[in-house]
Amino acid sequence: HTPEKPAGTLRILGVGDSFAYGAGAEFHETYLAVLEQLLNSNPTRSNPVEIIKAGIGGCTPLTERLLVECEGLAYDPDLILVGFNETDIFEIHIDIEEVRLYEGFLKNAQAKRLGYTGTWLVLNSHFARLVHSKVSRHAAKKRQREFDTSPKLVEAAWERIGQELGRIGQLAATNGAKAVVCYIPLSLEECELSRDEL
């Protein structure tokens, strides 16, 4: 996409995590691509719709806000569509503080602990990846359990989510756009419940 919006085009900036990115799906099957196709195939719509698909695996409302602020607004969106799901709650708890500049490289805390040799082994050895996966999976589960059993941490995460989504809304309004949060259920059962409740 060019930063200059084509005349008469409704431009949507779609941000989110791996669900918005479409992990495991072909590009044309992602929900942002399907939405763009549906909107443009509507015979009652006179102006074309262009969706900038900016989903990135691991993003949370914090990193999505940074993406909107630093890159997205340059594309002059009319609407910012934020994909949100339950994984964002824990992930915002561990978010960007885990990533820092070390020795000239952007690394997460885990890569820093592994050091140069450990990181090289994980990147180049299947056996090292297996060992690392077992150890890190155990540590991640422990951290998730600690988070899930702490109402204080969960409440702080929700507060931070509200702040970041509010900032995205303010950024949108300041630039003459609107912001919408799209809740993405994690299971089909959740979809069924929603359908029944409607």
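I am working with a predicted model, where local features need pLDDT of at least 70, side-chain atom pairs count only at pLDDT 80 or more, and totals for chains, interfaces and linings use all residues. Residues are numbered from 1 along each chain as its sequence is written, and side-chain values use heavy atoms, with hydrogens and water left out.

**Helix H2.** I looked up H2 (residues 31–41) and found Leu32, Ala33 and Glu36 buried (under 20% relative accessible area with a 1.4 Å probe, protein chains only; exposed is over 50%, partly exposed in between). They span an arc of only 100° around the axis, so they lie on the same side of H2; the arc is that of the directions from the helix axis to the C-beta atoms. Leu38 and Ser41 are exposed on the face turned away from the buried side. The buried residues pack against strands E1 (10–16), E2 (49–55) and E3 (79–84) and helix H1 (18–21). Helices (H or I, at least four residues) and strands (E, at least two) are DSSP runs, numbered from the N terminus.

**Aspartate 88.** Next I checked aspartate 88, in helix H4 (residues 87–94). Aspartate 88 is buried but has no salt bridge (a side-chain nitrogen of Lys or Arg within 4 Å of a carboxyl oxygen of Asp or Glu). Arginine 160, the nearest side chain of opposite charge, is 12 Å away. Beyond neighbours within four places in sequence, the contacts of aspartate 88 (heavy atoms within 4.5 Å) include Cys59, Pro61 and Ile161.

Terms used. Lys and Arg count as positive and Asp and Glu as negative; His and the chain ends are not counted.
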